[in-house]
Amino acid sequence: MVYSTNPKTQQGFLNSIMSLPAKNELEGLQQLDPQAISAVYDRYFPDVYRFVRYRLNDEHLAEDIASDAFVRLLEAVRSGRGPQTNIKAWLLATASHIVVDHQRKAYRRPENELPESAPDAAPGPVTQQEQRERERSLKKALAALTEEQQSVIAMRFNLGYSLEETAALLKKNVNSVKQLQFRALAALKRALGEIL
Amino acid sequence: MTSQKLYDALEICLQALDHGADMESCLALFPPLADDLRPLLTTALQARTDGVLEVPAGAARRGKARVLQAAAEMREQAASKPARPALRRWQNGWPGTRIFRLVITTVAMLAFLLTGGTGLVGAASSSLPGDHLYPVKRSWEDVRLFLVFNPNERMQLEQEFEQERFQEIEELYTAKRVAKVNFQGQLQTRSNGDWVVGGLDVSVNGNATPQAGIVSGVTVQVIGETDNGVIKAEQIILIITPTVIPENSPTISPSSTLAPTIQPTAAPTEMENTPQPTKNTELPALTNDSLNKSWALSSDPAQTRRPAAARTSENGGDTQDGE
């Protein structure tokens, strides 16, 4: 992973990874071409799913939210309200909004909160219980953060995005992301301290 | 800036941890900030190790099926309602389309409001007192008067609206409707409770409170209610300050208007010979006042309901109204 605060590098990164393929992908989405839709889905679904799953303790709900973000993408592109260039940023932002909506509903209705019988993704038999508890604590603490703080934590420490990638996806400059990251970690630490 | 140094130090430490360095080595790079950085780096490591990295194959497959299903439904929907190519280009094609669309939308909204507004006024134009749209009609008249700055045009418009009030009362009589009315006109005769204002019979009973100084020939405002061909007055107001008429108006010249107006009064001999004068052409008033005579003799209601013209004659003839 390469970290750079050079604005030119950041702009070059944006130009190289986002503009050209996105234009062809958007044309295919607009025409509802199944092959184009499949290609877009295959390309972005893993990140969208992990981004959502990292913040929610419910595998099925994460699956629904991730696919819902793609359905919304199709609707938005068809109606002319979709992304102009950066499909991934649009998908992650939409998924983030849906997650926050869900968290708010869960906060209002605590009985629907994180299920106790959530499937365990970590295989180790000895640490299985500890791992599950840590995950539950982390997700609960994340839910106490702002949407932007949740996003920066998920992008930096789960998806492994660089500072520049995160800045581009959040539509912020690098220094703002550094500051946001600092505050997000501090808030997460406080939230974890309250839970544990 | 201390905060910025802290943000940068955190980022450098995270970068070092990514490359396999241990936490203490990172913190050794920033001894004054170590206490601040340590809990954050611990939290970052916890957030990283607890992350979910695997994507279940079933989840990706089910999600894709759902998205493709949604796309198929959208295609069906689009096929049942084919989008016009021009519309599609309009929505997505040209650069700057959004601004152009905004302008067009604004123009369309203005057109709608204007046509909707005039449509409402048009519908209100035939309304009568007591109708729901009648206030719209009167408000529109006020607006028109407000927008006229030329005194001549304004006076003509006021006369036009006064005529409209009389027309409304005639229609109320025809429809045998009872409604509140408010109009201005020349007081032609006054006999106990039976008055004639602008050719309309007005019943002034005890409840009405006519102002002092109201005599035949003055212009009054009548507020009352139509009732079977008569207006039951509730209030009668003397109009003290009539509209000023510019001197260059042909109707203001006493010499030009007075002569032809008085000419018909040569007929008084004819009228005086009439054995039984009708109520609306009471001759005593005519013989006593040449002005009232000219008004009463006129068979054209449009002439009899022109107080401004009457005032013109008064200006040239006498000072009965105190002008």
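The model is predicted.

**Stop 1: helix 4 of chain B**

Select residues 57-80 of chain B, which form helix 4. With 24 residues at 1.5 Å each, this helix should span 34 Å, and its end C-alpha atoms lie 35 Å apart, so the two values agree. Now colour Ala59(B), Gly63(B), Val67(B) and Ala71(B), the buried residues of the helix.

**Stop 2: Phe45(A)**

Move across to chain A and pick Phe45(A), which sits in helix 2. Phe45(A) counts as buried because 22 other C-beta atoms lie within 10 Å, where 20 or more are required. Leaving aside residues up to four places away in sequence, Phe45(A) touches Ala66(A) in its own chain, and Ala60(B) and Gly63(B) in chain B. Gly63(B) is one of the buried residues seen at the previous stop. Next, draw a line from the C-alpha of Phe45(A) to that of Phe70(A): the two are 25 residues apart in sequence and 8.4 Å apart in space.

**Stop 3: helix 3 of chain A**

Just past the end of the helix, look at Gly80(A), which has a positive phi of about 80 degrees.

**Stop 4: the side of chain A that touches chain B**

Show both chains. Here 37 residues of chain A are in contact with 33 residues of chain B. On the chain A side, the elements giving two or more residues are helix 2 (34-55), helix 3, helix 5 (128-142), helix 6 (147-158) and helix 8 (174-195). Helix 2 has the largest share, 10 residues. By type, this side of chain A has 24 nonpolar, 5 polar and 8 charged residues.

**Stop 5: the cores**

Which residues touch the most other members of the largest nonpolar core? Select Val48(A), Val52(A), Ala66(A), Leu91(A), Ala95(A) and Leu188(A), out of 67 residues in that core. Helix 2 of chain A gives the most to this core, 10 residues. Centre on Leu188(A): apart from residues up to four places away in sequence, Leu188(A) touches Ala141(A), Leu142(A), Leu145(A) and Ile153(A), together with Thr43(B) and Ala47(B). A second, separate core has 18 residues, among them Phe183(B), Trp195(B), Val202(B) and Ile236(B).

**Stop 6: helices 6 and 7 of chain A**

Select helix 6 and helix 7 (residues 163-170) of chain A, whose axes come within 10 Å and cross at roughly 145 degrees. The crossing is right-handed. Helix 6 contributes Glu148(A), Ser151(A), Val152(A), Met155(A) and Arg156(A) to the contact, and helix 7 contributes Thr166(A), Leu169(A) and Leu170(A). These divide into 4 nonpolar, 2 polar and 2 charged residues.

**Stop 7: chain B as a whole**

Of its 323 residues, 21% are buried. Among its contacts between residues at least 6 apart in sequence, 57% join residues at least 24 apart.

Note on methods. Residues numbered from 1 in each chain as written. Chains lettered and ligands numbered in written order. Predicted model: local features only at pLDDT ≥ 70, side-chain atom pairs only at ≥ 80, totals over all residues. Helix = DSSP H or I, 4+ residues; strand = E, 2+ residues; numbered from the N terminus. Contact = placed C-beta atoms within 7 Å. Nonpolar A, V, L, I, M, F, W, Y, C, P; charged D, E, K, R; others polar. Buried ≥ 20, exposed ≤ 12 C-beta atoms within 10 Å, placed from the backbone. Core = buried A, V, L, I, M, F, W, Y, C linked by C-beta atoms within 7 Å. Axes fitted to C-alpha atoms, helices over the stretch in contact; angles between N-to-C directions. Left-handed = near helix turned anticlockwise from the far one by under 90°. Expected span 1.5 Å × (residues − 1).
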